[in-house]
Amino acid sequence: MGRVYKAEFRHEAVRLALSSGLSRERIAQDLGIGSSTLKKWIRDAQKLDTVVADTTDHTALLRENERLRRENLLLREERELLKNDPGRLSACAA
């Protein structure tokens, strides 16, 4: 029973690493394994082609979503800085 559990754990760890959008280091830390171990599992799974094919599309979408979130946050911060700068006229006042 232990071997089945380990295989399932590995498979789920690889799936998370490829589809969650989180860094591999973060996932390894959360799962209590070394990041080099997780990277080896991913390489092994890719060699055996046991990784679900659609995870790459999902991963790309998650990364793009995260990039857009960061960009949106930066734009909001810049807008707040401009709003609170008394030396500048607002766009509405011009």
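Visitor: Is Arg15 buried, partly exposed or exposed?
Guide: In this predicted model, Arg15 is partly exposed, because its relative accessible area is 34%, and partly exposed residues are those between the buried limit of 20% and the exposed limit of 50%.

Visitor: Which residue does Arg15 form a salt bridge with?
Guide: The partner is Glu12, and the closest N and O atoms of the pair are 2.8 Å apart. Glu12 is partly exposed as well, with a relative accessible area of 35%.

Visitor: Where do Glu12 and Arg15 lie?
Guide: Both lie in helix H1, which covers residues 2-19. They are 3 residues apart, about one turn of the helix.

Visitor: Why would residues three or four places apart point the same way?
Guide: An α-helix has 3.6 residues a turn, so residues at that spacing point the same way. Side chains of opposite charge can then pair when their charged atoms come close.

Visitor: How many salt bridges are there in the whole structure?
Guide: A search finds 8. Among them is the one between Lys40 and Asp44, with the closest N and O atoms 2.9 Å apart. These two residues are in helix H3, residues 35-48, and are 4 residues apart, again about one turn.

Visitor: What are the relative accessible areas of that pair?
Guide: Lys40 has 41% and Asp44 has 23%. Lys40 is therefore partly exposed, and Asp44 is partly exposed too.

Visitor: Which side chains meet in a salt bridge at 3.0 Å, N to O?
Guide: Those of Arg67 and Glu71. Both belong to helix H4, residues 55-83, where a spacing of 4 residues separates them by about one helical turn. Arg67 is partly exposed at 36% relative accessible area, and Glu71 is partly exposed at 38%.

Visitor: Which residues do salt bridges that share partners join into one network?
Guide: Glu66, Arg69 and Arg70 are joined in that way.

Visitor: Let us change topic. How many helices and strands does the protein chain have?
Guide: There are 4 helices and 0 strands, so the order from the N terminus reads α-α-α-α.

Visitor: How much of the chain is buried?
Guide: Buried residues account for 15% of the 94 residues. The accessible surface of the chain is about 7,700 Å², and carbon and sulfur atoms contribute 55% of it.

Visitor: Which residues make up the largest nonpolar core?
Guide: This core has 11 residues: Ala13, Val14, Ala17, Leu18, Ile27, Ala28, Ile33, Leu38, Trp41, Ile42 and Ala45. H1, helix H2 (24-31) and H3 are the elements that give two or more residues to it.

Visitor: What does Ala13 touch, leaving aside its neighbours within four places in sequence?
Guide: Ala13 is in contact with Ile27, Leu31, Leu38 and Trp41. Across the chain, of the contacts between residues at least 6 apart in sequence, 53% join residues at least 24 apart.

Visitor: Which residues of H3 are buried?
Guide: Leu38, Trp41, Ile42 and Ala45. Seen down the axis of H3, the buried residues fall within an arc of 100 degrees, so they line one face of the helix.

Visitor: And which exposed residues does the face turned away from that buried side carry?
Guide: Ser36 and Lys47 are the exposed residues on that face.

Visitor: How far apart are the end C-alpha atoms of H3?
Guide: They are 20 Å apart, which agrees with the 20 Å that 14 residues should span at 1.5 Å a residue. After H3 comes Asp49, with a positive phi near 55 degrees.

Visitor: Returning to Arg15, how far is it from Ile42?
Guide: Arg15 and Ile42 are 8.7 Å apart in space, C-alpha to C-alpha, and 27 residues apart in sequence.

Note on methods:
Residues numbered from 1 in each chain as written. Predicted model: local features only at pLDDT ≥ 70, side-chain atom pairs only at ≥ 80, totals over all residues. Heavy atoms only, no water. Salt bridge = Lys/Arg side-chain N within 4 Å of Asp/Glu carboxyl O. Buried < 20%, exposed > 50% of the residue type's maximum accessible area, 1.4 Å probe, protein only. Core = buried A, V, L, I, M, F, W, Y, C linked by side-chain atoms within 4.5 Å. Contact = heavy atoms within 4.5 Å. Areas by Shrake-Rupley, 256 points an atom, 1.4 Å probe, with all protein chains shown as cover. Expected span 1.5 Å × (residues − 1). Arc of directions from axis to C-beta.
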